[in-house]
Amino acid sequence: MRRRVALTLLVVAFAAQGCSPAAPDGAVILYRDGDGAEIVLGNDDGITAPDGLLWREGTLFIADEGGSAIRAWDGEQVTTLADQSDGLISPEDLRFDESGTLWFTDDSAGGAWRIIAGGAERVDRGRIEESEGIARHPLGGIAIGDGLSGTIYHVGAGGSAVPVESDPLRIAKPESMALAKDGSLFIADNREDRLIH
C-alpha cells in the first residue's frame, strides 16, 4: 500500500514512443520540495501515456491517453472512472464546471464528454470532431476547442455545443485553454506556435 503524501507539483512523463493510445509505458511523477522526484504511478497501476492532469480536493484526475481511460488517484488507490467501454479512445484534458461535473476531451473520438455514474457520456451530438483544450466558460459550463476546425464551443449543462464567436484572428488548433481571472480565455494554438488572449 502506498503512503499518502502531500503533493506540491506534479509532472507527467511518458514513453519516448509518444502519447498515442498504442504507447505501452507511462508514469506520473511526484515532485516534493526538498525531496526530489519519485514515480508514484506507472504501468503496474494501469497508467499508460498520461496526458491531462487535474488536482481537486485531495484527488488527482488523470486523462490516461494510452489507456483510453479517465482515472482518479487519492494518493493510495487508482480508480477507473471511464474507459473504452464508454467509447473513449484518447482522452486529452479535464476540467470541472461550476456544478462539480468532471468534463474531458478526446482528440480521437472527438466530442464533449462528462463523467456520470458508472462511466462517461458524450453530450455534444457530434459537432466537435477533434476535441483538444478545455476550460471553464465565463458564462457557466465549459469551453472546448476543436482541433480540426479551430472552433471554440460553449457546452452548457444540457450538453449542446454552441460555437463561440471569436476574434478575426483565426485559431488553428486550440490545444489547451485556461479561464483568466477577468473571465476571458487564454488559448494555446500549438499549430501556429502562439498564445491567444
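**Strands, turns and rings**

Biologist: Which residue in β14 is the bridge partner of A143?
Modeller: Quick housekeeping: this is a predicted model, where local features need pLDDT of at least 70, side-chain atom pairs count only at pLDDT 80 or more, and totals for chains, interfaces and linings use all residues. Residues are numbered from 1 along each chain as its sequence is written, and side-chain values use heavy atoms, with hydrogens and water left out. Strands β13 (residues 142–146) and β14 pair in the antiparallel sense over 4 bridges; strands are DSSP E runs of at least two residues, helices are H or I runs of at least four, both numbered from the N terminus, and two strands pair if DSSP finds at least two bridges between them. In β14, the partner of A143 is H154.

Biologist: Okay, and which glycine in the turn between β13 and β14 has a positive phi?
Modeller: These two strands make a hairpin with 5 residues between them. With a phi of about 75°, the glycine in that turn is G150.

Biologist: What about the other side: which residue of β15 stands opposite V155?
Modeller: β14 and β15 (residues 161–163) run antiparallel, joined by 3 bridges. They form a hairpin too, with 5 residues between them and G159 in the turn at a positive phi of about 95°. Opposite V155 stands A161.

Biologist: Are the residues on both faces of β14 buried or exposed?
Modeller: β14 covers residues 152–155, with I152 and H154 on one side and Y153 and V155 on the other. The scale uses a 1.4 Å probe and protein chains only: buried is under 20% relative accessible area, exposed over 50%, partly exposed in between. Both faces are covered, and those four residues are all buried.

Biologist: Which strands are at the edges of the open sheet of 3 strands?
Modeller: The order is β16-β17-β18, with antiparallel pairing. β16 and β17 (residues 185–189) share 5 bridges, and L179 stands opposite L185 in β17. The strands that pair on one side only are β16 (174–179) and β18 (194–196).

Biologist: How many residues apart are F61 and F96?
Modeller: Rings of Phe, Tyr and Trp (its six-membered ring) pair with centres within 6.5 Å; planes under 30 degrees apart are stacked, over 60 edge-to-face, the rest tilted. F61 and F96 are edge-to-face, 5.2 Å centre to centre with 75° between the planes. F61 lies in β5 (residues 59–64) and F96 in β8 (residues 91–96), and their separation in residues is 35.

Biologist: Which charged residue sits over the ring of F96?
Modeller: The test wants NZ of Lys or CZ of Arg within 6 Å of the ring centre and within 35 degrees of the ring normal. F96 itself counts as buried because its relative accessibility is 13%. The charged end 4.1 Å from its ring centre belongs to R56.
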